[in-house]
Amino acid sequence: MGYVSPLWRMSLMVLCLIANPAMSQEASQRFIAKDATPSTVLLVRSTTDISIFAPALAAFVAANPSVEIAYEQWGSNALYANSLGACEGTATPADVVISSGVHQMVDLVNRACASAYQSEFTAQLPAARRWRDELWGITREAAVIIYNTDLVSAEDAPRTRFALLDLMRRSSADFMGRIATYDVEASGLGFLFAFMDSQEATTFGGLLEGFARVDAVATCCSAEIIEGVDSGRYKIAYNVLGSYVDTVPHENLGVIYPEDYTLFLSRAFMIPKGTHQGAAAGVFLDFLLSPRGRALLSQSTLIHDSNSDETAANESATRYIPIGPTLLVAMDRHRRARFIEKWRDSFGVDAVK
């Protein structure tokens, strides 16, 4: 389960972690304050790993003992499909949906699948982290490059996309099958990062060519990619969610915030239309946006402090992914099909794991 806070150990009754593939969720867990008899069950479906989100969930139910959280961890594509089905009346809605597939969440709001909510905490969010009082960004997480420090020298570690391109061109034999990134078809987050790259970077076409040249591997999951680089199966991974790097045990990882630009994501929180626990959902959102909640999310690496590392000297290279209608272009069916076709041409069927 990773780090477990003293508050968790002392004040919570935690039930078992349950895999439930039949519902397309990856795991679930219930959070109940010690000795409490909750009158409300808040169903939260999220792409955030339970072990990472657990301290904040634990603290919330400890502060609100009348509420029990039933937490379900989902993949981003499955969560989007489930949430859309709930909106259309073919699935049971959650009370809260939180996803790193922000473009998918914007699409759900655009389809009138969300409930509105306002508070002093939501009002304090910058415009780029809220939309129509129906979608709110609760984290700050970077897309980083990671590398195996035993297999890639500090001189070769690519600090920009141009450096990564150069490395793949001049040392293609050394990196054959040893560079990894997300599979944009399997991962909504991976698609979003790659799509934002295509909008932002003049290097994107070159990156696809470089990935094809070295038979790069496209795979689904942050933990798998991070473990693969740490073990030496891969030498470098591109566009990895940096918030997960410190939560996965590792010994041989170097982390780079690209100096040409670093994408930053804010996970989107939505209260679905049709929930019967809208009031409790609002209390939960306010807790996560409060100083106490933000401190807990920071401790869990879900809020990246730009003053704590190398990004402080390169804040001008920060690129935030906005929560708003500009992301709807990423959900356009024809544009998505063309994008994925280019991706398949670069990676090929055998490169997708």
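Modeller: Buried means under 20% relative accessible area, exposed over 50%, and partly exposed in between, with a 1.4 Å probe and protein chains only. The model is predicted, so local features need pLDDT of at least 70 and side-chain atom pairs count only at pLDDT 80 or more, while totals for chains, interfaces and linings use all residues. Residues are numbered from 1 along each chain as its sequence is written, and side-chain values use heavy atoms, without hydrogens and water.

Colleague: Why is Asp197 called buried?

Modeller: Because Asp197 has a relative accessible area of 1%, which is under 20%.

Colleague: What makes Arg161 and Asp197 a salt bridge?

Modeller: A salt bridge needs a side-chain nitrogen of Lys or Arg within 4 Å of a carboxyl oxygen of Asp or Glu. The side chains of Arg161 and Asp197 meet at 3.7 Å, N to O, so the pair qualifies. Arg161 is in helix α6 and Asp197 in helix α7, 36 residues apart, so the pair links distant parts of the chain; helices (H or I, at least four residues) and strands (E, at least two) are DSSP runs, numbered from the N terminus. Arg161 is also buried, because its relative accessibility is 0%.

Colleague: How do you know that Arg30 and Glu68 tie together separate parts?

Modeller: Their side chains form a salt bridge at 2.5 Å, N to O. Arg30 lies in strand β3 (residues 25–33) and Glu68 in strand β5 (residues 67–74), so the pair joins parts 38 residues apart in sequence. Arg30 counts as partly exposed because its relative accessibility is 33%, whereas Glu68, at 9%, counts as buried.

Colleague: Why are Arg233 and Glu227 called partly exposed?

Modeller: Arg233 has 37% relative accessibility and Glu227 has 38%, so both values fall between 20% and 50%. The side chains of these residues meet in a salt bridge at 3.2 Å, N to O. Elsewhere, salt bridges that share partners join Asp156, Asp166 and Arg170 into one network. The structure holds 12 salt bridges.

Colleague: What makes the side chains of Thr219 and Glu224 a polar contact?

Modeller: The distance is 2.7 Å; the limit is 3.5 Å between N or O atoms, where within protein one must be able to donate a hydrogen and the other to accept it, and residues adjacent in sequence count only if both atoms are side-chain atoms. Thr219 is in strand β11 (residues 217–219) and counts as buried because its relative accessibility is 0%.

Colleague: Which residues of helix α8 are buried?

Modeller: In α8 (residues 204–213), they are Phe204, Gly206, Leu207, Leu208, Gly210 and Phe211. Just after α8, Asp215 takes a positive phi of about 55°.
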